[in-house]
Amino acid sequence: MASVVEYKGLKAGYHCGYCDSEEGKASCGMWAHSMTVQDYQDLIDRGWRRSGKYVYKPVMNQTCCPQYTIRCRPLQFQPSKSHKKVLKKMLKFLAKGEISKGNCEDEPMEPTAEDAVAGDFALINKLDIQCDLTVLSDDLRESLESEEKQKGKSSKREDANELIQSQDIEEKLGSGEPSRSVKVHTVPKPGKGADLSKPPCRKAKEIRKERKRLKLMQQNRAGELEGLQAQCEPLSSSPPKAKCNQPKSLEDLIFESLPENASHKLEVRLVPVSFEDPEFKSSFSQSFSLYVKYQMAIHQDPPDECGKTEFTRFLCSSPLEAETSPNGPDCGYGSFHQQYWLDGKIIAVGVIDILPHCVSSVYLYYDPDYSFLSLGVYSALREIAFTRHLHEKTSQLSYYYMGFYIHSCPKMKYKGQYRPSDLLCPETYVWVPIEQCLPSLENSKYCRFNQDSEAVDEGRSKEPDRLQVLYKKAIMPYGVYKKQQKDPRDEAAVLQYAALVGQACSERMLLFRN
């Protein structure tokens, strides 16, 4: 099934939840009736983001608080000292029921600030964005499906070529380098900025242990290392266990074994966002109650603004079509709720999208009674570990997208603490390591991160006439449609849409016109 979208154009001069400006925010948006995971992957790689079925892109050089797409590289991720504190705090609580007093000063800020999605969802409700195409009627579905079959026959060869090209690109991406080579001048960070390419600093205690170990090995030339092996965990292929002299991995810290008489039991369940799924249906009312409690306590929402309709539109309706593929993750691609069950009750829900190249975090809501567990940080670390787990089977799925990074808003800077991470250049759509972006962002809210002044947006719309239009239940190229439709305003809107989604998406997605 092809993606079907309805472009809504520019919405400017509305309230910003970050700086509280009454009319500083500006974004372009479209209503997605259905969307393939590949199209959404390509859109978020051009700075788009979804809130329910509404997909929007901030106008970066115009909006009061520019929102830069941020992704973390989980394969190279090392938990910081404060991340380890959060994970140890959870283990202590589960094992002994211990509750630590207050948050550590150096702990990353909880993502309780109004996130981009929440802000734009409020906008959708206020503007009361109406869809002209209310439902995809059966005959329209049939015409789309037959069109797809026709296309399918002719494009098998093209698909094979595209697959080879995408694998080439993926090999570059997998290395953690920007997808296209970018000339970027590294700016050394003053003070305590860690060099990510060097091994972590080691404490004197660890060095003493290492010396002792080498001495022991010399004494045990015959290979009698039983005493030493008892100190180390046995090596296994998955998840990788830490050696004695190496820092513990993220998985070691999360999945550390608990005593048999542990005070609490935590279980994380992945549930597809679908009212046809029995687990999703049976947990819906508990999940909804938790959402209301969270919105009222953390965002001070009045009860009438966090009803069942808002919850369903915002967090339970997704345009993404669920997909499975032989080399894809076992759970498939699409939208999911990752539910955190503590002793048989839901205490947090992470809303995520699983896409061809990434796990994309949409939203998190949790029980405010458990704020002491730093569930915002804990869930982000679990989602990073989950991405690493999916990567084991699906090698191209190797990034964790955290939504938007807003440097001008102190409440939203916590996302920059999950390293290594990259920001998306708002002009050329290449990824640039965050360390190289921060000096520029200190000087200016809006920045082009790609320092190659010759570089352009390679995926830009070059042939708008090839854009696909859905008009009067028929699919046609824009070149044919525009001969029937002479309204200059319509042409301006279509060209604006084409520029924002790029050539590839404009040729695959169907733009609904009435």
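Okay, let's start with a tyrosine: Tyr429 is buried, with a relative accessible area of 14%. Before I go on, a reminder that what we have here is a predicted model. So where is Tyr429 in the chain? Tyr429 sits in the loop that connects β11 to β12, the latter being residues 431-433. For context, a negative phi is what most non-glycine residues have, and most peptide bonds are trans.

There's another positive phi to look at, and that one belongs to Gln300, again near 55° and again not a glycine. Gln300 is in the loop running between α9 (278-298) and α10 (308-316). Is Gln300 buried or exposed? Gln300 is exposed, because its relative accessible area is 59% and the cut-off for exposed is over 50%. Tyr429, at 14%, falls on the buried side, which means under 20%.

Now, staying with the backbone, let's go to Arg419 and Pro420. The peptide bond joining those two is cis, with omega at about 0°. Pro420 is in a loop too, the one between β10 (399-405) and β11 (421-424).

Next stop, Thr394. You'll find Thr394 in the loop between α11, residues 375-393, and β10. Thr394 counts as buried, with relative accessibility at 0%. Which residues does Thr394 touch, if we leave out those up to four places away in sequence? The answer is Asn327, Gly328, Pro329 and Tyr333.

Let me finish with the sheet. We have an open sheet of 7 strands, and reading across, the order goes β3-β4-β2-β1-β15-β13-β14, with mixed pairing. At the edges are β3 (49-51) and β14 (474-477), each of which pairs on one side only. From one strand to the next, the twist averages 40°.

Zooming in on one pair, β1 (residues 4-14) and β2 (residues 25-34) run antiparallel, and 9 bridges join them.

Technical notes: Residues are numbered from 1 along each chain as its sequence is written. This is a predicted model: local features need pLDDT of at least 70, side-chain atom pairs count only at pLDDT 80 or more; totals for chains, interfaces and linings use all residues. Side-chain values use heavy atoms; hydrogens and water are left out. Two strands pair if DSSP finds at least two bridges between them. Helices (H or I, at least four residues) and strands (E, at least two) are DSSP runs, numbered from the N terminus. Axes are lines fitted to C-alpha atoms, for helices over the stretch in contact, and angles run from 0 to 180 degrees between N-to-C directions. Buried means under 20% relative accessible area, exposed over 50%, partly exposed in between (1.4 Å probe, protein chains only). Contact means heavy atoms within 4.5 Å.
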